[in-house]
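Dear colleague,

I am passing on the structure below, and I would be glad if you could look through it alongside the notes that come after it.

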Amino acid sequence: MATIELDHVSKRFGDGTEAVHDATFTIDDGEFFILVGPSGCGKSTLLNMIVGLEDVTDGEIRVDGRTVNDVDPKDRNMAMVVQSYAIYPHMTVRENIAFPLRLAKRAKDEVARRVDEVAAILELTDLLDRRPSQLSGGQRQRVAMGRAIVREPNAYLMDEPLSNLDAKLRVQMRTEIAGLQQRLGTTTVYVTHDQTEAMTLGDRIAILRKGVVQQLGTPRELYARPANVFVAGFIGSPAMNLLPAQIDGDTLRLPMVDVPMDDALRRRVRDTQGDVVVGVRPESFGDAAQLDDERRSRGVTFSAHVGVVEWMGAEQFAYVDLDRSTSRELTELANELGAEETGGAHRTRLVARLDQSSDVRAGADVELWLDTNALHLFATATGDRLAEVGGDDVVDVRTHPAAHAPAR
Amino acid sequence: MEGRVGAGKKVLWGLAALAVAAYALLPVAWVVSLSLKPGSELSDGSFLPKSPTLDNFRAVFKDPQFPAALRNSLGIAAISTVVAVLLAMFAAYAIVRLDFPGKRLVLGGALAIAMFPAISIVGPLFNMWRSLGLYDTWAGLIIPYMTFTLPLAIWTLSAFFREIPWDLDKAARVDGATPFQAFRKVIAPLAAPGVFTAAILVFIFAWNDFLFAITLTSTNSARTVPAALAFFTGASQFEQPTGSIAAASVIVTIPIVIVVLLFQRRIVAGLTSGAVKG
């Protein structure tokens, strides 16, 4: 059990690159904390600093108030699970799990008892005398988990532990890890590049980009109120549509439609004029033909040409091509997010999430509705969110998804 | 059709292999034959001894210098092997895992030493060893053997260590191991095939060396078998000790043959590992 505090932590490597810049946050005792970001954002470096495999260049890491900057990894009593599992190929499953206890010179009968307990929890009892080479990917993953659990550490550190599993197993292990963490109640820091994993597992998430923490919050906060364009594009699948727009007096000009600004929007925009970036979640669109007048009046409608339709069963995604080319800033952002399925902003293409009953067809025109209360506004220059001063944002976490679901 | 081509190929390959084996083993067979011939048959030129006898072997062991040389050979080769492999393990691990200035220099230097002609240093070494008191001692031979085998051992072992994922060292460290424990309990066992390969190569080098042994020793206290063979004398000054030399040669070849037969799979695996990513 441990509270992990990071106090202005930075990491610079010998060649001058700064992997982590001034990270300050506290991971609470028993929390499931996620570090997420595209590859190369410094999330693994941060994890390695917490566990002690990398030196801290600047700042302080404290565990339960005690500075651990100079504590050897073996003395931090933290357990780590990595992407490659790193189970020892020359030892049996039993020896692998017992390894940390044997190093700690625990009594033989205690070691045997703990190994059996852990094996039972992870359903490894029948495999204890096998070698890692005889195990499947999922079983190896479990052995790695077992080796972490067995010594009852202060904290679990996981570095993309599910990335090597196939899609189905990944979902299954995700649930298992979540359940295990809840049962054990041990502080867990979990690194991933997968926003779905981050959203489903985390109590709280820190999003990193180029070594800088972009935003820290619960999955709901990040989804409903992304602090900047990067977070907006990273969280959510399919990704938020990010569009170049202009504020012209009392009108917000989107590439496909002009939106007259109401008081709520005006309060957020304040005196900004000219270019802004507008973010629209796919679910903030609707098929106008399916909506009643009352809902239609709360947004604007526009007609669009549908390029591709992905029918998912419970919903469908309509990809709409816009003639407007995107701005340079958004293209750059898209490239950075590019590795992700989120794809981000390079589209001159919108994605709209529609009800499965909508008869939208590829190649045809459709009348789309856009919920003007659900727009996210960002400053073009900084990418920061435009928010009402001190006030609660218009988009409410609890009502947001329901309010914009298309009428059934 | 295809089957016949396959069979034809097999026959051809078999014949080629046979030819190579015969070419390589004929001298060995000749030495074995010589060692079994009594003195009267030594120069008769026949391939098989007419009346095979173990007299030569008995004679070799009766000569006090041979058992002494055998002891020296075993001791010196064993110590050289253990020390060289141990040092090479540490050096290779450091080279693979650590980033330190002069790393390339160490590797390059090691390679240069391995290519250095030994004959060019035996003269100076002879003088140095005389003044340092290392002449005609075990250490006097162990040191040059290590020098010449360390590079090969370091290169072989680095290839092996490079194959071991870094995550394993890190996992061991986080699991509570000191850096040395991580090395001893995780890395070294995984590199065992490489250690075997390196050990065998070092052992064979030390066991077979003639140049250093003949130059840097003078008595039974450190003279190894290859050097001792040169000092065998016949029964009289008019008689060549051919039979004894042949018998002694057979005796010193046996350990190497056994070792290689036992570990040939490992050696092949060791020599080729790192060449292709498995």
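Predicted model: local features only at pLDDT ≥ 70, side-chain atom pairs only at ≥ 80, totals over all residues.

Residues are numbered from 1 along each chain as its sequence is written, and chains are lettered from A and ligands numbered from 1 in the order in which they are written.

The contact between the chains draws 18 residues from chain A and 15 residues from chain B, two residues being in contact if their C-beta atoms, placed from the backbone, lie within 7 Å. On the side of chain B that touches chain A, α7 (166–174) and α8 (179–190) each supply at least two residues, and α7(B) gives the most, with six residues; helices here are DSSP runs of H or I of at least four residues, and strands are runs of E of at least two, numbered from the N terminus.

These two helices also pack against each other, at an angle of about 125° and with their axes 9 Å apart, where axes are lines fitted to C-alpha atoms, for helices over the stretch in contact, and angles run from 0 to 180 degrees between N-to-C directions. Residues in that contact include L168(B) and A172(B) of α7(B) and A182(B) and V186(B) of α8(B).

In chain A, I34(A) is found in strand β3 (residues 32–36) and counts as buried, with 26 C-beta neighbours inside 10 Å (buried means 20 or more other C-beta atoms within 10 Å, exposed 12 or fewer, and partly exposed in between, with C-beta atoms placed from the backbone).

Best wishes
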